[in-house]
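Here is a report on a two-chain model. Please read it with the structure at hand.

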Amino acid sequence: MTSISRPRVLPGFSLTLGYTVLYLSLIVLVPLAALFIKAAGLGWSEFWQAATSPRVLASYRLTFGTALAAAVINSIFGFIVAWTLVRYQFPGRKLLDAIVDLPFALPTAVSGIALTAVYSQNGWLGQYLEPLGVKVAFTPLGIIVAMTFIGLPFVVRTVQPALEDLEREAEEAAASLGASRWQTILWVIAPSVVPALLTGFALSLARGIGEYGSVVFISGNMPMRTEITSLLIISKLEQYDYAGAAAVAVMMLLVSFAMLLLINLIQRYAARRYQGVL
Amino acid sequence: MPLKLSLASLAAVALLAFVGCKPSSTSDATGGQGGAVTLLNVSYDPTREFYSEFNRSFTSHWKEETGQDVTIEQSHGGAGKQARAVIDGLKADVVTLAIGYDIDEIAQRTGLLPTDWQSRLPHQSCPYTSTIVFLVRKGNPKGIRDWNDLVAPGIEVITPNPKTSGGARYNYLAAWGYAQRQNGGNEQQTREFITKLFRNVPVLDSGARGSTTTFVQRGIGDVLLAWENEALLAIDELGAGQIEIVVPSVSILAEPPVTVLDKNATARGTLDVANAYLQYLYSPEGQRLAAKHYYRPQEPEHADPADMARFTKLERFTVQDEFGGWQEAQRKHFADGGVFDSIYQSK
């Protein structure tokens, strides 16, 4: 049914497909292939050793753990932000809307330094948190803060259009048919928002995993404790250990890919399930 | 429609190839003798202020000598990053980096220069040197005088990560050299000393400027290990009245080397001017400027005595004598699974 040679209503399919494949190859696949080829320079046992030494394993746990936490936080609060921006009219709404994009635009090093300045023990917030026993800068918590900061726009910007498409009439209809507030949320709002929310979650997660610039300033970079995987890759490069760095990167890439694939599957499952309901 | 598909793809390829080709044919306009010439000096971070003044001085010197206009382009960044850029093909004429190890790697991996490059210029190709000193809070409240004060319980030491910062390897090696002297060469005790010292480090920034910020701006830590030139610069620019320098009894001789990348310079027709550029670092004027910008000149008689007064006399050992050279130091201490890693894995 979807064979390439079948005539189509919309012209230009072959040109655009050719361009898409070429473009993706040049921009994404070729560099990634180079990464795999570099890593393949190591034998299997060397690869395994480089990619799974205790310090590297500790960094995987830290990086994926903090990125996951940040993505969860972003999904909850990003949803609330999107909801507020879409559903309510209030003065300064446009301004607030623009502020959401700031983490996109700032150089990550700037965000990192700014966050560290705010949360370190003599910073604006840090000085009040410290007496309460809450250390943010130079702990995994600081890493979560940085990842949450840079990941927020992804959730807001993906959920916003879904909420905008949601018609108020549908909710009113649900209410008039006797649905409670919770039933409306669960069976009317959620089905159209959850897929978008999952996309935002996945993007925020992926951004957190790959983040370097803002995290290195706030993490403190202590081996085994607050050392993210990207930093280990840089420190391997600093020793001119290209193959070792590629091995860790390949491992990270595979895990990230598996996670993103899983999220996509859940998303598809969720969409199908809710479609059955509607 | 398979034919149409491939035609379309071809068109796309052709378009991209056309776009992609354009920039490669420009930017090779370097004149030989007579015309203007550009020189690319790839350096590390803390030399920014020094080279911006030195380059102006050399440009007018070269104009007087030969009548030729020379434009010097400066690139600064972390030393390891800069060396990797050269290895990956950045066409530098000269490199002026923090440690010989990085230039060794360029020589071995690219063959742009002979592996015995370090013997080509006087003083192991180091026209200026530095050392590792301590920066402490005003009035030195914790009474830090020497290396053994750094391992006391409750002292917080700030240093960049030697795995990601070339310059920070000197910090580590300086402490190691001190401990070896103290323990009469008993390596087990020296390892314990180094382990204690790094247990006192609450934050390992990835680079030297990051550590300076952590110490000066964030107010974290009791002592910052820093290159002497960075420490003097920090006092001048950031924290006059907040911080002061403590010079330990013994430290390491920090030797930032300079060299010409022969093959690049030959290909670009800049070999003569590149050699003259580095020779000029050893001239009275070059030595004076180095001292002005907080590096210790090899020939102090050319420097302003007021500049020289900033440098405290101390015993300095070399990486060559104490560790058998950078390759050896790197292999034993900083490579994955080396002594530095074991500090954090024996917890």
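## Salt bridges within the chains

R181(B) is partly exposed, with a relative accessible area of 36%. (Partly exposed lies between buried, under 20% relative accessible area, and exposed, over 50%, with a 1.4 Å probe and protein chains only.) R181(B) forms a salt bridge with E322(B), and the closest N and O atoms are 2.5 Å apart. A salt bridge here is a side-chain nitrogen of Lys or Arg within 4 Å of a carboxyl oxygen of Asp or Glu. E322(B) lies in helix α14 (residues 319-323) of chain B and R181(B) in helix α6 (residues 166-182) of chain B, so the pair ties together parts 141 residues apart in sequence. E322(B) is partly exposed too, at 25%. Helices (H or I, at least four residues) and strands (E, at least two) are DSSP runs, numbered from the N terminus.

This is a predicted model: local features need pLDDT of at least 70, side-chain atom pairs count only at pLDDT 80 or more, and totals for chains, interfaces and linings use all residues. Residues are numbered from 1 along each chain as its sequence is written, chains are lettered from A and ligands numbered from 1 in the order in which they are written, and side-chain values use heavy atoms, leaving out hydrogens and water.

The whole structure holds 27 salt bridges over all chains. One of them joins R157(A) to D101(A), with N and O atoms 3.0 Å apart. R157(A) sits in helix α8 (residues 140-165) of chain A, and D101(A) in the loop between α4 (93-99) and α5 (102-105) of chain A, so parts 56 residues apart in sequence are tied together. Another joins K292(B) to E53(B) at 2.9 Å, N to O. K292(B) is in helix α12 (residues 284-292) of chain B and E53(B) in helix α2 (residues 48-66) of chain B, 239 residues apart. K292(B) is partly exposed at 35%, whereas E53(B) is buried at 18%.

## Where the chains meet

Chain A gives 35 residues to the contact and chain B gives 42. Contact means heavy atoms within 4.5 Å. Together the two chains bury about 3300 Å², 57% of it on carbon and sulfur atoms. (Buried area is the accessible area, with a 1.4 Å probe, that two parts lose on being put together, summed over both.) E238(A), Q239(A) and Y240(A) supply 23% of the area that chain A buries against chain B, more than any other three residues.

There are 3 salt bridges between chain A and chain B. In one of them, D336(B) meets K236(A) at 2.3 Å, N to O. Salt bridges with shared partners join R55(A), E227(A), K236(A), K163(B), D336(B) and D341(B) into one network.

## Aromatic rings

The count is 27 aromatic pairs over all chains. Rings of Phe, Tyr and Trp (its six-membered ring) pair if their centres lie within 6.5 Å; planes under 30 degrees apart count as stacked, over 60 as edge-to-face and the rest as tilted. W44(A) and W48(A) have ring centres 5.9 Å apart and planes at 25°, so the pair is stacked. They are 4 residues apart in helix α2 (residues 44-52) of chain A, about one helical turn. W44(A) is exposed at 64%, and W48(A) is partly exposed at 42%.

In chain B, one aromatic cluster is formed by F50(B), Y51(B), F54(B), F58(B), W62(B), Y128(B), Y277(B), Y280(B) and Y295(B).
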